Amino acid sequence: MTKLNLGSGPHYMEGYINIDNYSQHHGNFRVDQEADFFTLEWENNQIDEIIASHIAMYIDRSWMPILLKRWCGWLKEGGVLIMETGNVKKVVQTILDFDDPSIIEGDYGMKQLFGWDTTAGHTWAWCPETLKPLFLEGGFTTVNIKNGVFHNPQRDFLLEGIK
């Protein structure tokens with residue numbers, strides 16, 4: 001069984017091929033393969049599961065359909081892409097609901113939109129309603145929307161795309 005953890009960063013997962021380009025966290029983490037997920041190549045129909053946790057914010061609207069189609073191609077029939085990211089609707093609601101600058105600028109607010117000191121460079125923000133159609137266009141036959149599990153379940157959502 002072959003499973004990829006794309007953009008693994010400091011979140012090394014046993015049983016996965018952990019792939020990152022060391023661009024964040026000053027390269028202070030373990031990977032199995034150093035590569036950029038934008039240019040990474042793999043043979044089609046070879047992968048059982050891909051986890052893409054909190055990399056969607058680095059993928060702008062023009063690149064996401066390209067990458068989803070590519071990753072779907074890598075998956076075997078029945079293979080799964082699990083993508084988790086912050087929900088822009090919840091982030092905006094947090095910003096609107098609070099007057100405390102530390103909350104507005106914090107992990108559930110502006111940092112989710114623009115990044116932290118070690119993760120600057122966010123280029124887009126997503127919600128299930130904008131990301132699910134791109135999964136379907138990318139070739140996934142089933143797309144399930146779930147609560148996030150990797151970081152902040154109250155803020156994040158997870159899409160499970162099945163080929």
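**Figure 1. The residue that follows helix 5 is Gly139.** In this predicted model, helix 5 is followed by Gly139, a residue whose phi is positive and lies near 110°. Helices here are DSSP runs of H or I with at least four residues, strands are DSSP runs of E with at least two, and both are numbered from the N terminus. Gly139 is placed in the loop between helix 5 and strand 6, and because its relative accessibility is 39%, Gly139 counts as partly exposed. In this scheme, buried means under 20% relative accessible area, exposed means over 50%, and partly exposed is what lies in between, as found with a 1.4 Å probe on protein chains only. Gly139 and Ser102 are 37 residues apart in sequence, and their C-alpha atoms are 41 Å apart in space.

**How to read these views.** Residues are numbered from 1 along each chain as its sequence is written, and side-chain values use heavy atoms, with hydrogens and water left out. As the model is a predicted one, local features need a pLDDT of at least 70 and side-chain atom pairs count only at pLDDT 80 or more, whereas totals for chains, interfaces and linings use all residues.

**Figure 2. Helix 5, residues 128–137, has the buried residues Pro128, Leu131, Leu134 and Phe135.** These residues cover an arc of only 140° around the axis, which puts them on the same side of helix 5; the arc is that of the directions from the helix axis to the C-beta atoms. On the other side of helix 5, Glu129 and Glu137 are exposed. The cover over the buried residues of helix 5 includes helix 1 (64–74), strand 5 (75–86), strand 6 (142–147) and strand 7 (156–162), where a contact means heavy atoms within 4.5 Å.

**Figure 3. Helix 1 and helix 5 pack with their axes 8 Å apart.** The angle between helix 1 and helix 5 is about 45°, with axes taken as lines fitted to C-alpha atoms, for helices over the stretch in contact, and angles running from 0 to 180 degrees between N-to-C directions. Helix 1 and helix 5 are therefore oblique to each other, given that angles under 35 degrees count as roughly parallel, over 145 as roughly antiparallel, 65 to 115 as roughly perpendicular and the rest as oblique. The crossing of helix 1 and helix 5 is right-handed; a crossing has this name if the near helix is turned clockwise from the far one by less than a right angle, and is left-handed if the turn is anticlockwise. On the side of helix 1, the contact is made by Met64, Pro65 and Leu68, and on the side of helix 5 by Leu131, Leu134 and Phe135. The residues of this contact divide into six nonpolar, no polar and no charged, where Ala, Val, Leu, Ile, Met, Phe, Trp, Tyr, Cys and Pro count as nonpolar, Asp, Glu, Lys and Arg as charged, and the others, Gly among them, as polar.

**Figure 4. The buried residues of helix 1 include Leu67 and Trp71.**

**Figure 5. Glu84 is a residue of strand 5.** With a relative accessible area of 0%, Glu84 is buried. Not counting residues up to four places away in sequence, Glu84 touches Ala52, Ser53, His54, Ile55, Gly148, Val149, Phe150, His151, Asp156, Phe157 and Leu158. Glu84 and Ala52 are 32 residues apart in sequence, and from C-alpha to C-alpha they are 6.6 Å apart in space.

**Figure 6. Asn45 and His54 lie in loops.** Asn45 has a positive phi of about 60° although it is not a glycine, and this residue lies in the loop between strand 3 (33–34) and strand 4 (47–53). The phi of His54 is also positive, near 60°, in a residue other than glycine, and His54 is placed in the loop between strand 4 and helix 1. Asn45 counts as partly exposed at 42% relative accessibility, whereas His54 counts as buried at 12%.
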